[in-house]
Amino acid sequence: MIKFEDTHLNNIIELKNISQSYDGGKSFILKDFNLIIEDKPAQGQFVVILGMSGCGKSTILRYIAGLQQPTSGEIKIHDRARVEKDRVGMIFQQYSSLPWMTVLENVAMGLEYKGMEKKEREVKALEMIELVGLSGHEKKYAQYPTLSGGQLQRVAIGRSLLSNPEILLMDEPFGALDIKTRLQMQEMLENIWHKFNSTIIFVTHDISEAVFLADDIYIMKAAPSCIADHIAVDLPLQRDRNTKREAKFLSLVQEVEDRMMKVSELR
Ligand SMILES: Nc1ncnc2c1ncn2[C@@H]1O[C@H](COP(=O)(O)OP(=O)(O)OP(=O)(O)O)[C@@H](O)[C@H]1O
Ligand SMILES: [Mg+2]
């Protein structure tokens with residue numbers, strides 16, 4: 001298992017000695033789970049979590065989002081317990097847009113907490129709508145089938161990024177999309193996330209998606225789960241469609257697949 005040196009140096013997220021049981025301690029979904037993510041405020045970072053279905057990936061995101069407490073262990077943001085004003089955003093696999101609002105209202109909502117005037121909010125929201133590739137759709141209601149699944153995820157990503165989250169949690173956000181839309185969404189996210197200096201924690205089952213987006217990949221083992229492996233993705237910061245054809249990318253995908261298979265054998 002991976003041992004994390006506790007440096008106490010500018011960690012943005014620390015999950016320490018986490019365990020999770022749903023049957024009063026007879027069995028554990030998570031046991032001795034530790035994950036420390038260093039703060040990189042001026043550049044942001046992209047962390048991907050991989051692991052078999054049911055190993056507890058969504059559970060980990062729910063802890064960080066403050067939606068759930070573990071059976072035991074500590075969750076810290078900036079070396080203290082999570083507080084309400086921590087800027088943590090979450091995007092779920094199913095669409096997280098508000099269907100009674102238009103695309104523009106949804107995206108502009110990301111700025112409301114700042115007390116910015118409506119006009120200024122709209123100008124900024126329109127810039128974001130263009131960045132996420134939704135120009136021309138701003139007056140539509142953010143609901144299916146007026147917008148497609150991929151477009152609804154673009155709305156959610158635009159709103160989340162505009163609210164300038166320090167931590168953005170993304171739980172299989174492209175899982176329900178067709179392959180073409182999924183690849184477009186990967187490129188869109190890759191192109192824009194650098195601008196926001198957020199720490200993104202992204203869960204996926206797609207190894208190519210993981211390598212394309214990540215700075216760091218963590219692999220969880222089957223329950224009782226913890227982080228069993230870590231791979232630093234040594235690819236250029238700016239990546240595009242051609243990156244996926246490079247020998248280095250392909251060998252990294254193979255390496256992650258091999259290491260996932262090894263992890264899957266751990267008890
Ligand atoms: N309230 C609950 N009561 C009992 N078991 C639960 C509860 N919530 C989650 N679990 C169990 O915890 C385990 C981890 O669930 P989680 O959703 O975190 O997995 P996951 O890694 O996100 O899986 P997937 O890749 O399928 O999304 C599962 O076995 C699930 O059944
Ligand atoms: Mg899940």
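**Figure 1. Helix α4 passes helix α5 in a right-handed crossing.** In this predicted model, the contact is made by Gly150, Gln153, Ile157 and Leu161 on the α4 side, and by Thr181, Met185, Leu189 and Ile192 on the α5 side. Of the residues in this contact, five are nonpolar and three polar, with no charged residue among them. Helix α4 spans residues 149–162 and helix α5 residues 179–193. Their axes come within 11 Å and cross at roughly 15°. Because angles under 35 degrees count as roughly parallel, α4 and α5 are roughly parallel to each other.

**Figure 2. Surroundings of ligand 1 in the predicted model.** The shell around ligand 1 includes Tyr22 and Ile29, together with Gly51 and the run Ser53, Gly54, Cys55, Gly56, Lys57, Ser58 and Thr59. Helix α1, residues 57–65, provides the largest share of this shell, namely three residues. By residue class, the shell around ligand 1 divides into six polar, three nonpolar and one charged.

**Figure 3. His230 in strand β10 of the predicted model.** Strand β10 covers residues 227–232 and contains His230. Within 10 Å of the C-beta atom of His230 lie 14 other C-beta atoms. A residue is buried if that count is 20 or more and exposed if it is 12 or fewer, so His230 is classed as partly exposed. Ile18 lies 212 residues from His230 along the chain, and the C-alpha atoms of Ile18 and His230 are separated by 18 Å.

Notes: Residues are numbered from 1 along each chain as its sequence is written. Chains are lettered from A and ligands numbered from 1 in the order in which they are written. This is a predicted model: local features need pLDDT of at least 70, side-chain atom pairs count only at pLDDT 80 or more; totals for chains, interfaces and linings use all residues. A residue is near a molecule or strand if its C-beta atom, placed from the backbone, lies within 6 Å of it. Helices (H or I, at least four residues) and strands (E, at least two) are DSSP runs, numbered from the N terminus. Ala, Val, Leu, Ile, Met, Phe, Trp, Tyr, Cys and Pro count as nonpolar, Asp, Glu, Lys and Arg as charged, and the others, Gly among them, as polar. Axes are lines fitted to C-alpha atoms, for helices over the stretch in contact, and angles run from 0 to 180 degrees between N-to-C directions. Angles under 35 degrees count as roughly parallel, over 145 as roughly antiparallel, 65 to 115 as roughly perpendicular and the rest as oblique. A crossing is left-handed if the near helix is turned anticlockwise from the far one by less than a right angle, and right-handed if clockwise. Two residues are in contact if their C-beta atoms, placed from the backbone, lie within 7 Å.
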